[in-house]
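Subject: Structure handover

Hello,

Please find the structure below.

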Amino acid sequence: MLNFWGRRTRGAQVGDGTFTCPEEGGDRPYRLMLARRWFYVAFVPVVPMDVLGEYVECASCGEPFERSVLDLPTTTEQRDALRTVLRHAMVAIIRADERVTNHERHVALDIMANFGLDDYALIDLERDLAALEVEDLDGKAAMAGSMLTATGQERVVRACIQLAAADGAVSQVDLDLIATVGRSMGMLPARIKAMLDEVEPGY
Ligand SMILES: [Zn+2]
């Protein structure tokens, strides 16, 4: 039985947002809570005492977590970063030889679909080919690379190679672009070289 008076811990909500719930493995709303000890009299908190720190409470399953779970990217953020780097890399590669074939368009859309990004349609690709600025390809690759596993990074490089080969010849410009993407994502140079060495260069 609880005492008539005493000290108890209570959480007060100080923020909210979306995070990846480690318990459920998907994007969920969370409440950022501040734990504080209160002095109770007659079961009513009357005097705030020491602050014990912040914690995160999943609004879906109710599990509490350390605040550091908020540093992990959400599924949506990972997906957006992947979509962005693929868009930039593909546009740069398709533009590299100054002609756009229907086969390249097909391969590009297939690649997006294989990554689960099948909402990226032909109209999006045409718009990107016409207007997307790809100067910050390395920045976009670095962002995506920080959220991808080594396997995920290799899948991106493999997709770039597949697209570069779609017009029948992988040029030196293509190879340089692909190496930039791999390096910016944080891949080891030796690993990138091994993947590119498997490619038959055509100039
Ligand atoms: Zn949860």
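Helices (H or I, at least four residues) and strands (E, at least two) are DSSP runs, numbered from the N terminus. Residue numbers start from 1 along each chain as its sequence is written, and side-chain values use heavy atoms, with hydrogens and water left out. The model is predicted: local features need pLDDT of at least 70, side-chain atom pairs count only at pLDDT 80 or more, and totals for chains, interfaces and linings use all residues.

Domains

The protein chain has two parts, domain 1 (5-71) and domain 2 (75-197); these bounds come from an automatic or database domain assignment. Taken over C-alpha atoms, the centres of domain 1 and domain 2 are 41 Å apart.

Surface patch

Phe4, Trp5, Val41, Phe43, Val44, Val46 and Val47 make a nonpolar surface patch of about 670 Å². Patches are made of residues with over 30% relative accessible area and no salt bridge; like charges are joined within 9 Å, and nonpolar side chains (Val, Leu, Ile, Met, Phe, Trp, Tyr) within 5 Å. The areas come from the Shrake-Rupley method with a 1.4 Å probe, and for residues only the protein chains shown count as cover. Strand 3 (residues 44-58) gives the largest share of the nonpolar patch, 3 residues. Phenylalanine 4 sits in the segment before strand 1 (5-21).

Zinc site

Which atoms coordinate the zinc ion? They are Cys21 (SG), Glu24 (OE), Cys58 (SG) and Cys61 (SG), at 1.8 to 2.3 Å. Donors are N, O and S atoms within 2.8 Å of the metal (3.2 Å for Na, K and Ca); water is not among the atoms, so sites may look incomplete. The angles among the 4 donor atoms are 105 to 117 degrees, and the site of the zinc ion is tetrahedral (four donors with all angles between 85 and 135 degrees). Along the chain, the donors of the zinc ion follow the spacing C-x2-E-x33-C-x2-C. Cysteine 21 in strand 1 and cysteine 58 in strand 3 are 37 residues apart, and the pair links distant parts of the chain. Cysteine 21 is buried, at 0% relative accessible area, and cysteine 58 is buried at 0% as well. Buried means under 20% relative accessible area, exposed over 50%, and partly exposed in between (1.4 Å probe, protein chains only).

Salt bridges

The structure holds 12 salt bridges. A salt bridge is a side-chain nitrogen of Lys or Arg within 4 Å of a carboxyl oxygen of Asp or Glu.

Glutamate 57 pairs with arginine 31, with the closest N and O atoms 2.9 Å apart. Glutamate 57 is buried at 17%, whereas arginine 31 is partly exposed at 29%.

Aspartate 128 forms a salt bridge with arginine 87, at 2.7 Å between the closest N and O atoms. Aspartate 128 is in helix 3 (residues 122-131) and arginine 87 in helix 1, so the pair ties together parts 41 residues apart in sequence. Aspartate 128 is buried at 7%, and arginine 87 is partly exposed at 21%.

Lysine 193 forms a salt bridge with aspartate 197, the closest N and O atoms being 3.0 Å apart. Both lie in helix 7 (residues 189-197), 4 residues apart, about one turn of the helix. Lysine 193 is exposed at 51%, and aspartate 197 is exposed at 52%.

Regards

Terms used: Four donors count as tetrahedral if all angles lie between 85 and 135 degrees; four count as square planar and six as octahedral if opposite donors are over 155 degrees apart and all others between 65 and 115; anything else is irregular.
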